[in-house]
Amino acid sequence: MWQLVGQDRAVTLLQRNLERGAVAHAYLLVGPPHVGKMTLALELAQALNCEAAEPPCGECDPCQKVASGKHADVQVIGVNSNGNSNDKPRTEISIEQVREIQHSSSLPPFEGKHKVFIIDGAELMSNEAANCLLKTLEEPSEGVVFILLTANDSFLPETVVSRCQRLELRPLPTSQVEAALGERRSLESAKTELLSRLCHGRLGWALTAADDDSLLERRDQLVEKLLEVIRGDNEQRFDYVAQLAAQFGKNRLSVQEVLDLWLDWWRDLLLIKLGSSGAITNIDHEAELAEMSQGYSLPQIRAFINSIQAAGEQLGQNANPRLTLEVLMLSIPGRSAV
Ligand SMILES: [Zn+2]
């Protein structure tokens with residue numbers, strides 16, 4: 001039984017490949033972070049090495065070893081894998097890492113039926129690493145399966161993409177996340193509902209946030225900061241920009257996370273303005289949002305949503321972060337009684 005929730009198309013296709021003995025040499029799983037790519041990759045690795053009649057059973061020795069990361073023939077490679085903690089954090093998957101798996105893939109399986117190499121964040125392969133992997137994909141060895149995971153396959157060389165069977169994983173409907181989260185974790189219903197909305201269809205995020213309070217704490221801090229900045233003057237806004245710009249140099253994703261949260265907040269204001277408060281994301285701030293929405297007109301809210309999206313795109317295209325974020329702060333609409 002496949003445990004992955006809601007990705008029926010991808011699961012059905014893999015299941016059929018397995019039943020027909022027509023497993024591809026390489027799969028490319030594409031989807032946003034925490035949507036289930038690693039879960040599906042590990043389940044496929046289990047299915048390929050499972051001893052039960054209907055793989056993956058999740059219970060036989062090979063299945064359990066894969067689940068606990070102890071199967072000798074299943075290897076996960078990413079920017080943070082095989083790292084020495086004294087090394088400086090890596091930002092790309094290096095050619096050395098790919099050479100290692102290339103060598104390992106040329107040897108027969110140690111204990112299982114298939115060797116499986118999962119490359120997490122495949123778009124982070126250096127050019128040399130991707131070219132090296134391409135050679136391996138062009139001359140596949142029997143019994144070896146590569147599974148590449150990426151949030152964005154447009155960052156991968158076309159030559160690599162064309163060698164893989166591509167499977168897309170999409171965010172789930174909120175109701176499906178809520179049902180699955182309710183089944184797997186016993187939380188208060190308000191928290192289940194909040195996490196189901198905050199995760200935007202990515203069940204993995206909701207499950208992680210259910211187990212690790214720091215995710216929700218960070219989100220609460222970001223909301224608090226957003227309110228402070230919206231109510232603050234230009235000096236406070238530019239102070240925040242300086243903070244974010246410095247952060248951007250170290251961790252781009254954390255700044256994108258701030259923009260995503262701002263986008264959610266202003267979309268909520270828009271929804272309330274349009275009379276659809278039942279569809280908002282930040283349900284734990286409904287009263288505050290309702291009050292705030294009165295201070296802005298619909299065109300003001302729409303214009304600022306466009307500004308946040310434009311800032312996100314510009315940062316993705318390597319615009320100057322400080323300048324981009326200053327422009328964004330200057331376009332926060334002024335409150336008026338509307
Ligand atoms: Zn099994």
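1. Charges to begin with: the protein chain carries 32 positive and 46 negative charges, and their mean positions lie 3 Å apart. Keep in mind that this is a predicted model.

2. On the overall build, the protein chain has 15 helices and 5 strands.

3. If you look at contacts between residues at least 6 apart in sequence, 70% of them join residues at least 24 apart. The accessible surface comes to about 17500 Å², and carbon and sulfur atoms account for 48% of that.

4. Now the metal site. The zinc ion is held by four SG atoms, those of C50, C57, C60 and C63, at 2.2 to 2.4 Å. Along the sequence, these donor residues follow the spacing C-x6-C-x2-C-x2-C.

5. Why call the arrangement tetrahedral? The 4 donor atoms subtend angles of 103 to 118 degrees around the zinc ion, so the arrangement counts as tetrahedral; the criterion is that all angles lie between 85 and 135 degrees. For reference, the ideal angle for four tetrahedral donors is 109.5 degrees.

6. C60 counts as buried because its relative accessibility is 13%, the cut-off being under 20%. C63 is buried too, with a relative accessible area of 0%.

Methods. Residues are numbered from 1 along each chain as its sequence is written. This is a predicted model: local features need pLDDT of at least 70, side-chain atom pairs count only at pLDDT 80 or more; totals for chains, interfaces and linings use all residues. Side-chain values use heavy atoms; hydrogens and water are left out. Helices (H or I, at least four residues) and strands (E, at least two) are DSSP runs, numbered from the N terminus. Contact means heavy atoms within 4.5 Å. Accessible areas come from the Shrake-Rupley method with a 1.4 Å probe; for residues, only the protein chains shown count as cover. Lys and Arg count as positive and Asp and Glu as negative; His and the chain ends are not counted. The place of a charge is taken as NZ of Lys, CZ of Arg, CG of Asp or CD of Glu. Donors are N, O and S atoms within 2.8 Å of the metal (3.2 Å for Na, K and Ca); water is not among the atoms, so sites may look incomplete. Four donors count as tetrahedral if all angles lie between 85 and 135 degrees; four count as square planar and six as octahedral if opposite donors are over 155 degrees apart and all others between 65 and 115; anything else is irregular. Buried means under 20% relative accessible area, exposed over 50%, partly exposed in between (1.4 Å probe, protein chains only).
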